[in-house]
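Here are some notes to read alongside the model. Please keep the sequence and the 3D view open while going through the points.

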Amino acid sequence: MPEPTLLRDQDRFDSKHESVTDALVARALVDEITLSFEFFPPKDEAAEARLWSAFAALQEVNPDFVSVTYGAGGSNRDTSLAIVERMAQEVLTIGHLTCVGSTIEGSIQIIRAFENAGVGSILALRGDSPKDQPDALAKGEIKSALELVDLISHHTELEVGVAAFPEVHPESPDLAHDAKVLALKEQAGASYAITQLFFTVGAYLDLLEANEEAGAGFLPIIPGLMPIANAKQVIRMAEMSGAAIPQELLHQLAEANDVEARKIGMDYSIQLARDLVDAGAPGLHIFSLNHHEAAIELARGAGLCR
Ligand code: FAD
């Protein structure tokens with residue numbers, strides 16, 4: 001692949017941004033886009049050591065912000081909070097928060113805990129009913145991310161972000177429906193969205209068009225990108241999220257050995273990232289899966305770090 005043009009000065013901002021909006025505006029003012037990474041709470045000590053080593057390595061490229069996922073049903077609430085609290089000391093941190101199966105009082109408590117932990121933003125999500133609690137959504141007091149956006153907006157000054165789905169949310173009839181829901185979330189207080197993983201720039205552009213038609217055309221939509229370093233893992237995650245991997249890419253990955261598959265996958269991810277930058281994406285949010293090598297390779301390939 002040719003060397004990328006450097007599109008972001010990783011050393012330009014040496015103090016923390018206050019919010020994602022602040023980061024997007026600061027970068028846009030100097031004709032740059034944001035770079036950010038997602039992490040998930042580790043399950044054991046070895047995984048925790050890996051997480052902090054990946055976090056330290058990714059801090060070297062000065063991301064504008066990071067985010068930490070939260071288990072549906074609050075299964076990893078304490079770990080998630082502890083991770084968020086530690087990361088927030090170094091970089092603007094988004095705490096993901098799900099509401100499936102939650103009570104209003106319980107959600108208010110966790111919103112306050114996030115606030116005390118120093119998050120700059122909350123990503124308000126519904127989450128999905130865990131496999132062993134299929135009726136969690138029905139039993140909980142909060143039924144949708146929209147209701148959670150409303151709750152957060154009423155109880156804190158914290159910035160709120162939401163999820164967006166270039167390949168249509170699995171329960172939604174079409175993109176237009178998702179876009180109407182997104183417009184409602186914006187009216188309820190959401191100020192940006194991060195997307196589910198997807199594999200074509202066309203899917204992102206279709207989402208922007210649907211949002212514009214639904215009246216949410218000004219909401220910044222940050223693409224969520226997964227580096228295709230481990231093809232089997234990405235194919236599994238794509239299946240879980242309902243995102244379709246292009247047949248041609250699937251075919252190439254299936255024919256290749258592991259080393260070739262990594263190269264094919266990473267080249268594809270980097271090209272997609274570059275196409276998204278060309279299409280005007282305001283930032284790239286990379287799902288690090290708690291590893292730094294592929295995430296940095298992707299960010300570097302897209303011209304977002306040295
Ligand atoms: P909602 O906005 O509630 O939407 C769910 C469905 O209901 C959609 O089909 C929507 O169209 C429909 N809907 C919602 N409101 C209305 C309405 N008012 N009228 C009509 N239809 C409506 N999951 C986790 O468990 N933990 C995480 O940390 C996490 N992080 C994520 C981060 C990102 C960037 C993304 C994209 C997803 C993440 N998820 C996470 C997954 C997410 O929780 C699931 O995709 C979930 O199924 C939907 O979440 P939502 O917030 O979009 O829900």
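Predicted model: local features only at pLDDT ≥ 70, side-chain atom pairs only at ≥ 80, totals over all residues.

1. Next, the overall build. The protein has 12 helices and nine strands. Its radius of gyration is 18 Å, close to the 19 Å that the globule rule gives for 306 residues, so the protein is as compact as a globular protein of that length. The C-alpha trace spans about 55 × 45 × 40 Å along its principal axes.

2. Of the 306 residues, 48% count as buried. Among contacts in the protein with a separation of 6 or more, 81% are between residues 24 or more positions apart.

3. Strand β1 deserves a separate look. Six of its six residues (34-39) are buried, so β1 is largely enclosed by the rest of the structure. In a regular strand the side chains alternate between the two faces of the sheet. In β1, T34, S36 and E38 point one way, while L35, F37 and F39 point the other way, and all are buried.

4. Which strands are joined to β1 by bridges? One is β9 (residues 283-287), which runs parallel to β1 and is joined to it by five bridges; here S36 has H285 as its bridge partner. Another is β2 (residues 65-68), also parallel to β1, with four bridges between the two. In this pair, the bridge partner of E38 is S67.

5. Helix α2 (residues 45-59) belongs with β1 and β2: the three make a right-handed β-α-β unit. W52 is found in α2. Is W52 buried or partly exposed? A residue needs 20 or more other C-beta atoms within 10 Å of its own to be buried, and 12 or fewer to be exposed. W52 has 15 within 10 Å, so W52 is partly exposed. The C-alpha atoms of W52 and A88 are separated by 13 Å, and the two residues are 36 residues apart along the chain.

Methods:
Residues numbered from 1 in each chain as written. Pairing = 2+ DSSP bridges. Right-handed = clockwise from strand over helix to strand, strands pointing away. Rg over C-alpha atoms; globule rule 2.2 N^0.38 Å. Contact = placed C-beta atoms within 7 Å.
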